[in-house]
Amino acid sequence: MTRQHLELSVLGPATRVTGRINGDGALRIEGAVKGDVNVRGDTEIAEGGSLEGNVQGTALDIGGNLLGDAHAEGAIAVRSSAQVRGELRAAEVSIEAGARVSIRLETAFELDFGAAGRRR
């Protein structure tokens with residue numbers, strides 16, 4: 001049986017990282033990262049935080065700036081304070097009103113046209 005990693009790592013607002021970040025557990029970015037991020041856990045780019053690189057994880061919550069591609073096994077949430085440019089790939093993607101995005105979106109979804117969309 002594999003051990004669950006529930007740790008949360010925080011890169012504070014004064015932290016600047018250049019290089020790749022890999023690991024288990026959750027990650028909250030409040031500072032600036034230039035490089036790819038690959039974690040086996042949830043990743044949050046907090047409001048005021050920035051990531052210039054690609055990010056991969058279980059789920060992604062973006063409140064700051066992302067310049068790069070994002071891939072999540074679960075959901076990606078883009079908050080109203082976010083600025084995102086890149087590709088988003090996830091099982092579910094939500095974008096709040098007010099977010100500034102220039103993205104390519106890849107997700108699986110179904111369209112339900114309901115009664116209004118049915119032809120007689």
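**Close-up views of a predicted model**

**View 1. The largest nonpolar core of the predicted model.** The largest nonpolar core comprises 22 residues, and V37, I62, L66, I76 and V78 have the most contacts inside it. A nonpolar core is a set of buried Ala, Val, Leu, Ile, Met, Phe, Trp, Tyr and Cys residues joined through side-chain atoms within 4.5 Å. Buried denotes under 20% relative accessible area, exposed over 50%, and partly exposed in between (1.4 Å probe, protein chains only). At least two residues of this core come from each of β4 (26-29), β6 (37-40), β10, β12 (70-72), β13 and β14. Strands (E, at least two residues) are DSSP runs, numbered from the N terminus. In soluble globular proteins, nonpolar side chains tend to be buried together. The model is predicted: local features need pLDDT of at least 70 and side-chain atom pairs count only at pLDDT 80 or more, whereas totals for chains, interfaces and linings use all residues. Residues are numbered from 1 along each chain as its sequence is written, and side-chain values use heavy atoms, with hydrogens and water left out.

**View 2. The surroundings of L66.** Leaving aside residues up to four places away in sequence, L66 touches I45, L51, G53, V55, Q83, V84 and R85. Contact here means heavy atoms within 4.5 Å.

**View 3. An open sheet of parallel strands.** In this open sheet, 6 strands follow the order β1-β4-β7-β10-β13-β15, with parallel pairing. β1 (8-11) and β15 stand at the edges with a single partner strand each, so one side of each has no neighbour in the sheet. From one strand to the next, the twist averages 10°; for this angle, axes are lines fitted to C-alpha atoms, and angles run from 0 to 180 degrees between N-to-C directions. Two strands pair if DSSP finds at least two bridges between them. The parallel pairing of β1 and β4 extends over 4 bridges, and L11 stands opposite I29 in β4.

View 4. A salt bridge is a side-chain nitrogen of Lys or Arg within 4 Å of a carboxyl oxygen of Asp or Glu, and the structure holds 8 of them. One joins the side chains of D61 and R79 (2.6 Å, N to O). D61 lies in strand β10 (residues 59-62) and R79 in the loop between β13 (75-78) and β14, so this pair ties together parts 18 residues apart in sequence. D61 is partly exposed at 21% relative accessible area, and R79 is also partly exposed, at 30%. Another salt bridge joins the side chains of R79 and E96 (3.1 Å, N to O). This pair links distant parts of the chain, since E96 lies in the loop between β15 (92-95) and β16 (100-106), 17 residues from R79. E96 is partly exposed, with a relative accessible area of 34%.

View 5. E87 belongs to strand β14 (residues 83-89) and is buried, at 18% relative accessible area. A polar contact of 2.7 Å joins the side chains of E87 and R104. A polar contact is a pair of N or O atoms within 3.5 Å; within protein, one must be able to donate a hydrogen and the other to accept it, and residues adjacent in sequence count only if both atoms are side-chain atoms. R104 also forms a salt bridge with E106, with the closest N and O atoms 3.5 Å apart. E87, R89, R104 and E106 are linked in a network of salt bridges.
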